[in-house]
Amino acid sequence: MKRKLLLTIPLLCLMLLGTYWFTAREATVAPANHEHLAIVTTNSILEDMVHQIVGDDAQVYSIVPRGTDPHEYEPRPQDISAVAQADLIFHNGLNLETGGNGWFTKLTKQANKRPDKEVFAASAQVTPLKLSGENSDQVDPHAWLDLQNGIRYVETISQAIQAADPDNRAAYQQRTAAYVKRLGTLDAKAKAKFQDIPQAKRLLVTSEGAFKYFSRAYGLKPAYIWEINTESQGTPEQMRQVLKQINQSNVSGLFVESSVSPKSMEKVAKETGLPIVATVFTDSLARAGQPGDTYYGMMKWNLDHIHQGLVQ
Amino acid sequence: MASIQAFITGLSQYNFLQTALLTSIMVGVMSGIVGSFIILRGMSLMGDAISHSVLPGVALAYMLGINLVIGASVMGVLAAVLIGYIADRSALKNDTAIGIIFSAFFALGFILISLAESTTNLHHILFGNVLAVSDSDLKLTAWILAAVVLFVVLFFKELLISSFDPTFAQAYGLKTTFLHYGLMVVLTLVTVSALQTVGIILIVAMLITPAAVGFLWTNSLAKMMVIASSIGVISAIVGLFFSYTWNLASGPAIVLVAAVIFAISFILSPKRFGNRLFKGGVSDEA
Amino acid sequence: MLAITNLTVGYGRTDILKGLSVAFTPGHITGIIGPNGAGKSTLIKAILNLIKPHQGQILLNDTPVKQQLNQIAYVQQRADLDLSFPIDVEHVVLTGVYPQLKLFHDPTPAMHAAVDAAIAQVGLTDFKHRQFSALSGGQLQRVFVAWALVQQAQVLILDEPSVGIDLASETQIMTILRELTAAGKTVIIVHHDLNKVTTYFDELVILNHGVVAAGPTTTVFNQTNIAQAFSEDLGQVLFIKEDQHG
């Protein structure tokens with residue numbers, strides 16, 4: 001036994017020391033010398049915004065695939081490599097990517113990417129809305145569904161890109177200006193159009209409470225089954241309160257998001273006799289080639305269909 | 001091959017890959033060691049049960065801010081105690097007791113997780129993500145590996161005899177109950193560590209599959225543990241390689257590699273039927 | 001001497017043996033026979049302290065057996081063993097010295113030598129490194145006799161050792177056991193049937209929830225006792241048949 005221990009204990013000590021030494025070293029930052037700027041975004045909405053600004057002058061990689069919830073996500077090897085190699089990383093902020101004990105924070109920390117040096121929140125210039133009730137200390141992440149906020153996102157992103165790649169500043173500025181103009185026009189038109197919805201019908205019913213910013217911008221009242229996606233979805237209490245709001249209003253149609261299960265909303269439809277008139281986009285763009293595959297397209301879709309569904 | 005080259009380059013470049021490799025190697029070694037005893041004692045189902053039963057411990061650890069290892073270990077041992085109690089004090093068989101307890105603990109854990117204010121990723125706990133292992137997780141794994149190795153070296157002959165001939169062990173006065181619970185504690189520690197690489201659901205694979213390969217290739221317990229650990233390590237490295245090259249979830253990739261190695265061993269090994277001259281048992285006509 | 005006095009023992013609320021008293025004397029091979037469920041294995045388990053009796057005493061040389069468990073070597077029924085365990089003959093026999101070892105101590109070179117000697121005594125030196133399930137029934141039983149030998153216990157209890165073994169192994173084992181009793185050891189064999197009772201055992205204990213008879217085989221192994229312990233028919237078959245064959 002003594003002989004076995006004499007062999008084992010030193011080996012184990014060596015193993016432990018080796019481990020401590022390994023974790024204590026400065027992690028080697030992967031060399032980021034590419035000809036193009038390497039940009040990583042968390043979701044497809046930010047990805048599209050970056051594309052509109054950079055065109056072909058930079059490479060963009062988006063982490064959360066379209067149709068997947070960016071709140072809780074398991075990074076895969078490619079995601080981690082991309083982050084390690086990135087010059088700039090954009091996330092939504094406002095608590096969107098904080099699920100899973102902060103998967104995004106862990107990811108960037110692992111790769112030694114620092115806030116405001118490489119990592120930027122697109123929502124930096126946005127005044128956030130808070131969640132309601134018990135969660136009123138938390139913010140609502142869905143700011144981009146108000147086009148004015150979308151514009152602020154674009155400006156924040158553009159500033160960071162220009163600072164990181166001053167050589168192409170002129171091109172970035174040009175594209176940003178053009179893009180912001182398009183978004184502004186869409187916004188103004190929508191605000192005008194929404195005037196013709198009767199007050200009593202201005203209830204926007206969705207599964208998740210993602211439309212607070214949207215409703216404030218376009219003169220509606222938001223109603224939802226569950227407030228944020230991480231909460232229990234479709235509990236009796238939640239169903240009761242949303243049915244109550246529907247009954248007190250004259251609304252003629254319900255909406256369901258492309259990225260959640262329609263089951264709860266279908267139950268609401270059955271209870272109230274109201275139809276689900278359209279799918280809307282929230283956390284993610286549609287797949288490439290389908291309507292709603294850009295931020296502009298997605299907002300246009302939402303605005304057109306919500307207007308249509310409420311005014312009928 | 002280009003992808004192997006890319007993997008090696010990645011290893012030299014990326015801290016996350018290096019950490020992942022070290023962690024899964026350590027987990028491979030200790031699962032092989034502990035798993036050998038688990039399968040020889042007929043406790044494969046128990047191994048699965050303990051790994052599921054730690055879920056409420058993990059949830060409570062997050063909720064109350066207590067140490068994860070302590071939370072999980074308490075639950076793991078509690079489950080083992082309850083299983084033993086039910087099996088001993090009633091006519092119900094061991095696997096029935098196991099099924100009842102572990103599903104109840106698992107369900108409790110699930111509810112606790114959804115109640116936990118901090119949004120703990122259930123998917124992460126269930127399937128692990130060795131690419132997200134932090135430095136403190138790695139250090140913890142190293143300590144647990146040291147504890148497991150020390151335990152087995154110190155108590156090897158006691159573990160051997162209580163696994164091989166429990167009647168004799170008890171008859172000559174060996175404290176078999178202590179040994180059993182000691183093994184349960186060690187199993188729980190290994191589970192907590194393996195949580196990171198393969199998650200709760202697949203831990204049992206890391207315990208059993210490499211040990212089963214060891215069983216098929218040798219007639220010595222010590223060699224079986226060495227083979228089991230080696231297969232655990234090889235599965236980890238190859239699994240990580242596939243995960244990195246094809247952008248797959250790492251835990252499941254490791255488990256599948258282990259399963260393929262088992263399949264090959266099963267076909268090739270001469271020891272499949274346990275060396276019996278007569279398949280039905282050992283007896284000859286007098 | 002292994003003396004059992006007034007033993008009442010059983011499982012749960014049922015007592016299998018009530019107030020049983022019997023003694024096993026050194027220098028003799030004592031056989032225990034009885035029908036299924038008669039309490040043979042219960043008696044052995046009580047001696048080994050694997051179940052606690054409700055009543056009674058088991059003394060080895062006037063001291064409770066519980067305190068001297070390392071003086072009893074018990075060879076289980078082969079059917080109860082885990083034959084696929086990765087262990088070879090040499091290491092099986094080596095486990096026999098474990099009761100003599102403290103925690104954290106490994107077998108000494110002297111113990112290894114004793115193991116080799118025991119393996120030689122049962123004629124299995126060539127099989128030392130075989131996985132033990134690769135052996136025939138008789139060879140396996142010899143392994144366990146070697147295992148019992150290295151324990152250097154005063155009392156050897158063998159549980160149905162002659163089930164399914166070849167004649168050569170049987171003979172060899174009985175020879176070794178006689179050598180042991182000649183050296184003053186106590187050998188107890190739980191026997192599974194009624195063949196060769198007179199050949200093997202000088203002393204006999206006939207059990208059926210209590211002692212039907214105990215004493216020298218020649219005295220005790222007769223029609224009356226067999227009829228009482230087993231059945232009338234069996235008594236007739238055994239003894240009248242034997243008479244007829246002379």
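Two residues are in contact if their C-beta atoms, placed from the backbone, lie within 7 Å. Keep that cut-off in mind. The structure shown here is a predicted model.

Start with chain B. Its secondary structure holds 13 helices and zero strands. Follow the sequence and the pattern reads α-α-α-α-α-α-α-α-α-α-α-α-α.

Next, look at the overall form of chain B. The C-alpha trace spans about 70 × 50 × 30 Å along its principal axes. A compact globule of 286 residues would have a radius of gyration near 19 Å, and chain B agrees with this because its own value is 20 Å. In chain B, 54% of the 286 residues count as buried. Contacts tell of links across the sequence. Take the contacts in chain B between residues at least 6 apart in sequence: 73% of them join residues at least 24 apart.

Now turn to the largest nonpolar core. This core has 252 residues, and the members that touch the most others are Val93(C), Val143(C) and Ala146(C). Helix α11 of chain B, residues 176-217, gives the most to the core, with 22 residues.

Finally, zoom in on Val93(C). Which residues is Val93(C) in contact with, leaving aside its neighbours within four places in sequence? Val115(C), Ala118(C) and Ile119(C) are among them. Val143(C), Ala146(C), Trp147(C) and Val150(C) complete the list.

Notes. Residues are numbered from 1 along each chain as its sequence is written. Chains are lettered from A and ligands numbered from 1 in the order in which they are written. This is a predicted model: local features need pLDDT of at least 70, side-chain atom pairs count only at pLDDT 80 or more; totals for chains, interfaces and linings use all residues. Helices (H or I, at least four residues) and strands (E, at least two) are DSSP runs, numbered from the N terminus. The radius of gyration is taken over C-alpha atoms; the globule rule is 2.2 Å times the number of residues to the power 0.38. A residue is buried if 20 or more other C-beta atoms lie within 10 Å of its own, exposed if 12 or fewer, and partly exposed in between; C-beta atoms are placed from the backbone. A nonpolar core is a set of buried Ala, Val, Leu, Ile, Met, Phe, Trp, Tyr and Cys residues joined through C-beta atoms within 7 Å.
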